[in-house]
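Hi,

Here is the structure I promised to pass on.

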Amino acid sequence: MLRSTRGEPESRAGFGRINSQHRDEVAFGITGFLESNIAVPRVRPGPVHFALAVGGFAIGTTEFATMSLLRYFSRDLHIDEPTAGHVISSYALGVVVGAPLIAVLSARIARRTLLIALMGLFAVANGLSALAPTYHWMLVFRFLSGLPHGAYFGIATLLAASLVPTEQRTQAVGRVLLGLTVATIVGVPLANWLGQRFGWRWGFAIVAGLALACAGLIALFAPRNQPPAGASPMRELGALRRLQVWLTLTTGAIGFGGLFAVYTYLGSTLIDVTHIAAGTVPFVLAAFGVGMTVGNLVVPRFADRALMPTAGALLVWSAVVLALYPMAAANFWTVIADVFAIGIGGALATVLQTRLMDVAGDAQSLAAALNHSAFNVANALGPWLGGMAIAAGYGLTSTGYVGCSLALSGLLVWTVSNRFAAHRSAPMSRRDAL
């Protein structure tokens, strides 16, 4: 019987790092997702990670490209742009609702099977979005498209991490989320180009094709495993009783909001403040995507050595570069450098995903899926607060100060989480409630 390492005092384990004497026992992950994958050590992780990243690429493409296609489908569906914006909100609502619901109800389904089904649903919903005859049908289809988003990333990152040694978990998670970041560089411009050249419906159709390709790759490369022993919806709901799970989710929901506060209004800032041509804006947006990609390649190597300190360092990094944004926005070269640096802070999603593996116990699926619900809360919170600052007359660049405040607020929650982790010295049975 393998012994869980959750009971090690985190003050000795480096705020979430596993004590070295237990590394052999947890070679395929932490606590709850050990037993479901320990029978497949010979699976080559590279092809599996690539297959899972293709799904991330499809999700990232549709999530961000919808914003750039908004003016085209609003005209075709005979609605104004503010009304068309509800289509984006409908997708986000689908993510928030679908992530915990699917994670709980699918507790007894093998991960490989579930991932194929989720990509199948994602393909159908995006295909229907491409065929939407009216605005109201578009709302329905975008909501359905959002349902698999959080659950897919949650389960995909658990599967990816289970195929590598414990000290490489965050790097495995980063490889899956790499598909999402590459989508901001390649997928979004491609979907936008297709939308302009052949019509907005092709932007959604290409995503449906990518989702089907992902489902096929997962069927080809992912290991055939069984659900975790004793898995059940009630066991997954046990994650909601753990204080550290809530603190980790809150850190992401608040701390990540700063990035979205700036990114949402970046295009308008570049044109009205930096005074660059509209055709140059995509290059700055690409710099943001490159920053996120670099962050997901580099930061996980540090996180696998010191998980919680890396999360704290990323929040400090984000606070600094977001505070510099109002000054950097005056010049093209300084703003492109600062936007790249802001993108690096996006690696926080990867780090917190791994943190949830450590604190969720045997309720891994729900906690992992909720991470993406939390980041969609950030996606709503940041733009809302940034918009309030702009409406109050503080200008477009005030979003940088809003973002800095959110990063610092996230750092405060991280500090509270760290203190709880560092001072827990009670026996495992008493600490499990945290």
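**What I found**

Let's start with how the chain is held together: residues 24 or more positions apart account for 83% of the contacts (heavy atoms within 4.5 Å) with a separation of 6 or more in the protein.

Before you go further, some ground rules. This is a predicted model, so local features need pLDDT of at least 70 and side-chain atom pairs count only at pLDDT 80 or more, while totals for chains, interfaces and linings use all residues. Residues are numbered from 1 along each chain as its sequence is written, and side-chain values use heavy atoms, with hydrogens and water left out.

On confidence: the mean pLDDT (the predictor's confidence in each residue, from 0 to 100) is 81, and 84% of the residues reach 70 or more. Residues 1–41 have pLDDT below 50, and the model gives this stretch 99 contacts beyond near neighbours in sequence. Residues 425–434 also stay under 50, with 19 contacts beyond four places in sequence.

As for the overall make-up, there are 19 helices and 0 strands. Both are DSSP runs numbered from the N terminus, helices being H or I with at least four residues and strands E with at least two. Of the 434 residues, 60% count as buried (under 20% relative accessible area; exposed is over 50%, partly exposed in between; 1.4 Å probe, protein chains only). The accessible surface is about 17200 Å² (Shrake-Rupley method, 1.4 Å probe; for residues, only the protein chains shown count as cover), and carbon and sulfur atoms contribute 67% of that surface.

The contact involves, among others, Phe 283, Ala 287, Gly 291 and Gly 295 of H13, and Phe 332, Ile 336, Phe 340 and Gly 343 of H15.

Two buried residues on other helices are worth a click. Gln 353 sits in helix H16 (residues 348–359) and counts as buried because its relative accessibility is 1%. Beyond four places in sequence, Gln 353 is in contact with Gly 154, Thr 157, Val 173, Ala 368, Asn 371 and His 372. Leu 370 belongs to helix H17 (residues 364–394) and is buried too, at 13% relative accessibility. Leu 370 touches Pro 100, Leu 240 and Leu 249, leaving out residues up to four places away. The C-alpha atoms of Leu 370 and Phe 153 are 9.8 Å apart, although 217 residues separate the two along the chain.

If you check backbone angles, you'll run into two histidines with positive phi. His 78 has phi near 65 degrees; His 78 lies in the loop between H3 (70–76) and H4 (81–105) and is exposed at 73% relative accessibility. His 275 has phi near 60 degrees; His 275 is in the loop between H12 (266–272) and H13 and is exposed at 63%.

Last, the cysteines: there are 0 disulfides (pairs of cysteine sulfur atoms within 2.5 Å). Cys 214 is buried at 0% relative accessible area, and Cys 404 is buried at 14%.

Cheers
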